[in-house]
Amino acid sequence: MKASALLNLKSFTLSRHSPTSNSFFPPFLCPSHPRHRRIHHSRNPIMSATSVNSERARAPPAIPLPPPPLSNFKIGLCQLSVSPDKDSNIAHARTAIQDAASKGAQLVLLPEIWNSPYSNDSFPVYAEDIDAGASPSTAMLSELSRLLKITIVGGSIPERSGGLLYNTCCVFGTDGNLLAKHRKIHLFDIDIPGKITFIESKTLTAGETPTIVDTEVGRIGIGICYDIRFPELAMIYAARGAHLLCYPGAFNMTTGPLHWELLQRARATDNQLYVATCSPARDTGSGYVAWGHSTLVGPFGEVLATTEHEEAIIIAEIDYSILEQRRTNLPVTKQRRGDLYQLVDFQRLNSQ
Ligand SMILES: NC(=O)CC(=O)C(=O)O
């Protein structure tokens with residue numbers, strides 16, 4: 001089983017399943033289990049507001065929002081210009097991170113593929129072996145997080161590992177240690193004739209695990225660009241108690257205007273948490289033209305800070321105290337119909 005999440009939609013059709021045909025499900029999730037059938041019968045007279053079993057809408061049940069290590073802090077989103085010169089990209093990112101930290105940012109987010117042009121031809125050339133310590137790009141991030149005592153969600157770079165290439169985001173804590181490494185789970189294969197064709201899977205391999213990480217600025221779920229289109233991933237992070245989702249991303253001139261802000265606001269609204277994104281600045285001369293518009297969205301779907309397409313450093317305030325407030329105002333987590341549907345986090349389920 002590769003997938004990490006399954007939306008298990010239970011309906012009247014489940015009555016046709018035989019117990020053996022459901023061997024896919026762990027026993028307590030088996031839709032043909034007699035107890036489940038009784039609960040799911042829509043005409044059951046005992047069905048009431050208290051029998052929606054919201055805790056069963058997540059398997060395993062959702063983790064309550066953990067108290068964050070701090071309530072208020074500033075995030076810096078560094079929307080960087082990217083050139084074909086890797087050394088200058090690294091130097092440029094260094095300056096931007098220092099600038100964001102000097103303006104009070106305790107968390108800095110970089111764009112997707114900030115050390116290399118975003119192209120299948122470039123990925124193998126610019127890729128670095130992070131695990132082997134042969135990565136000047138992530139060495140700089142580690143050094144700065146330690147020196148500046150900030151958390152860095154280091155955008156993404158092409159990673160080489162075991163003969164394969166990945167699109168990888170590294171998260172560094174305030175001591176400079178690597179806290180997490182997320183490899184883009186959903187590869188961006190798009191083909192809109194006459195507009196945009198880009199097949200990441202030509203060169204890259206997809207990551208296999210969701211990545212959620214406890215940092216000094218809260219519990220953060222990581223996705224890279226196209227990962228934002230998959231609501232299940234964000235839902236899993238929310239069920240694991242994330243305060244904030246960070247998506248380094250490089251949307252394009254076709255999908256960006258329609259989808260970029262919409263998706264960020266949707267992920268934030270559905271899950272009642274913060275969503276931060278960071279794009280490269282637009283370069284109309286490059287093969288892949290990024291949309292820009294790095295943004296911070298609050299847990300009510302409100303755009304708290306954003307920018308246009310030029311290079312920019314956004315400094316914005318995050319206030320975790322409003323997470324509980326929003327969840328009290330609009331208690332969707334308590335009103336989920338665990339009697340009708342279920343999100344299964346296979347990774348967490350299998351680790352129990
Ligand atoms: N570049 C991406 O990974 C995603 C994107 O541009 C889109 O989904 O549109």
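Select C225 in the loop between β12 (218-222) and α5 (231-239); helices (H or I, at least four residues) and strands (E, at least two) are DSSP runs numbered from the N terminus. This is a predicted model, in which local features need pLDDT of at least 70, side-chain atom pairs count only at pLDDT 80 or more, and totals for chains, interfaces and linings use all residues. Residues are numbered from 1 along each chain as its sequence is written, and side-chain values use heavy atoms, with hydrogens and water left out.

Check the backbone of C225: phi is near 45°, a positive value in a residue other than glycine. Most residues other than glycine have a negative phi.

Next, show the ligand. Its surroundings (residues with a heavy atom within 4 Å) are Y118, K184, F188, C225, Y226, R229, A250, F251, N252, T255 and Y288.

Now display the polar contacts (pairs of N or O atoms within 3.5 Å):

- K184: a side-chain N or O atom is 2.8 Å from a ligand oxygen.
- Y226: a backbone N or O atom is 3.2 Å from a ligand oxygen.
- T255: a side-chain N or O atom is 2.6 Å from a ligand oxygen.

Of the 270 Å² of accessible area that the ligand has on its own, the protein covers 100% (Shrake-Rupley method, 1.4 Å probe).

Then select residues 73-320, where UniProt places "domain: CN hydrolase" in an unreviewed entry; such annotations may be inferred rather than shown by experiment. This stretch is 24% helix and 31% strand, with its end C-alpha atoms 9 Å apart.

Finish at P60, in the loop between β2 (58-59) and β3 (72-79). The peptide bond from A59 to P60 is cis, with omega near -10°.

Note on methods. Polar contact = N/O pair within 3.5 Å; in protein donor to acceptor, adjacent residues only side chain to side chain.
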